[in-house]
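Please view the sequence and the structure together before reading on.

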Amino acid sequence: LRAAEKELLPGFHQFEWQPALKNVSTSCNVGIINGLSGWASSVDESPADTITRRFRYDVALVSALKDLEEDIMEGLRESGMEDSACTSGFSVMIKESCDGMGDVSEKHGGGPVVPEKAVRFSFTVMSVSVLADDEEEEVTIFTEPKPNSELSCKPLCLMFVDESDHETLTSVLWPIVAERNSMKESRLILSMGGLPRSFRFHFRGTGYDEKMVREMEGLEASGSTHICTLCDSSRAEASQNMVLHSITRNHEENLERYEIWRTNPFSESVDELRDRVKGVSAKPFMETHPTLDALHCDIGNATEFYKIFQDEIGEVFKKVNPTREERRSWRAALDKQLRKKMKLKPVMRMNGNYARRLMTLEAVEVVCELVPSEERREALRELIRLYLQMKPVWRATCPAKECPDQLCRYSFNSQRFADLLSSTFKYRYNGKITNYLHKTLAHVPEIIERDGSIGAWASEGNESANKLFRRFRKMNARQSKVFE
């Protein structure tokens with residue numbers, strides 16, 4: 001009875017791991033813990049016990065699975081696996097996201113002194129599948145319908161840390177990495193629908209923006225000549241050959257390359273060494289799953305188009321080096337036009353909503369009114385038409401269902417797009433190309449073939465939960481800072 005009573009308490013579930021997790025206590029009823037528990041307190045800037053709070057990873061996963069208990073049992077019934085037949089062979093796919101947020105200062109608080117920046121780490125249960133004893137094929141019995149909603153995105157750890165402060169970030173995330181690694185080697189025994197069942201977990205760190213991926217995987221910062229977190233291409237190569245690249249980077253290889261960087265076995269010069277390790281010059285510390293972050297892809301490409309629009313208004317393809325004043329006047333003209341016709345206020349930094357409004361046929365028509373020559377207008381229209389054909393493929397949660405035609409045509413469209421850039425717009429792409437544009441053109445089909453989706457694995461759930469975090473801290477910092 002005592003056990004049954006405990007099961008009814010919110011957030012308390014009996015579970016065990018086989019084999020037991022290394023270096024993790026076996027008690028189940030752990031609530032929110034100090035994220036630095038287990039560290040000797042030496043973090044000096046701010047009182048150490050205020051920096052970070054987290055759930056223990058295994059407890060959080062159990063809690064998330066128990067929340068889905070009804071859905072999982074429903075899924076078992078629907079696929080005709082009777083309850084008693086399936087007690088083992090469950091596997092759970094987890095998406096991990098992590099994102100830094102600037103400026104979360106207390107507006108008028110008298111709290112402890114903490115950095116003004118925060119980092120949130122969270123996970124989403126993407127799917128649960130089961131391999132019955134006598135079957136070959138896994139059957140998926142639960143799929144998260146809204147993988148990008150803040151409702152499915154469970155916070156695991158909140159830290160008052162600057163995401164650029166690598167040392168502090170890694171020291172706070174280490175325990176999470178350690179728990180995750182020991183969970184990979186073990187299976188969870190948890191009662192579901194009244195029977196003990198065994199689950200294995202697969203973790204995919206895909207909800208990171210490029211900055212965070214580079215930090216976690218030991219790559220140079222995003223301005224580097226090694227522009228891609230998925231392949232070894234350099235910026236110049238990527239601008240020459242825009243489409244034909246395949247994904248080569250992974251965590252193990254990054255670790256090996258770091259060792260080469262550290263030891264320099266061939267006694268090469270810095271430049272030769274950098275070229276050998278393709279820009280891996282720090283120790284990779286957390287495994288990420290190489291993918292493309294759909295949200296930032298949108299934003300990065302919209303920024304690029306915004307610049308193309310300015311260049312086209314000023315007919316840069318004819319000029320050699322326009323002055324800053326000229327550039328500023330084109331930008332002012334563009335902003336004014338967009339505000340007048342599209343009600344688009346200029347923003348300090350490109351955001352998702354602006355990007356979505358800017359990348360439409362309507363917006364391009366508005367921009368074309370400022371572009372002098374008809375053939376350039378046609379080229380811009382063609383460019384955006386191709387882009388709009390490509391975009392649903394990396395935004396959709398399930399592209400094979402939602403936009404099969406665009407998915408089939410993607411490689412063709414991206415090839416056309418690349419041809420346009422390297423001919424009509426070659427003044428912008430001579431030896432340079434932006435990181436996200438390279439990924440959009442070169443890697444999308446391959447990622448989708450491997451994972452089935454890009455949009456579903458994006459960081460949006462975590463990003464939209466950042467809003468909630470601000471709300472709970474009673475600071476609406478981001479709303480009032482529009483510079484008219």
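Predicted model: local features only at pLDDT ≥ 70, side-chain atom pairs only at ≥ 80, totals over all residues.

## Annotated region

The unreviewed UniProt entry assigns residues 290-452 the annotation "domain: V(D)J recombination-activating protein 1 ZnH2". Helix makes up 71% of the chain over residues 290-452, and strand 0%. The end C-alpha atoms of this stretch are 14 Å apart.

## Nonpolar cores

The largest nonpolar core holds 63 residues, and those touching the most other members are Leu338, Leu358, Phe417, Leu421 and Phe425. At least two residues of this core come from each of several helices, including helix 9 (294-313), helix 10 (324-342), helix 13 (374-395) and helix 15 (404-423). Helix 9 is the greatest contributor, giving 10 residues to this core.

Beyond its neighbours within four places in sequence, Leu338 is in contact with Tyr306, Lys343, Leu344, Tyr354, Leu358 and Val367. Another core, of 58 residues, lies apart from the largest one; Phe90, Phe123, Leu156 and Phe199 are among its members.

Ser224 is placed in the loop that runs between helix 5 (210-216) and helix 6 (235-240). Its relative accessibility is 10%, and therefore Ser224 counts as buried, the cut-off being under 20%.

The side chain of Ser224 forms a polar contact of 2.7 Å with the side chain of Glu220. When residues up to four places away in sequence are not counted, Ser224 touches Arg235 and Arg274.

Terms used:
Residues numbered from 1 in each chain as written. Heavy atoms only, no water. Core = buried A, V, L, I, M, F, W, Y, C linked by side-chain atoms within 4.5 Å. Buried < 20%, exposed > 50% of the residue type's maximum accessible area, 1.4 Å probe, protein only. Helix = DSSP H or I, 4+ residues; strand = E, 2+ residues; numbered from the N terminus. Contact = heavy atoms within 4.5 Å. UniProt positions renumbered as here; feature names shortened; annotations may be inferred. Polar contact = N/O pair within 3.5 Å; in protein donor to acceptor, adjacent residues only side chain to side chain.
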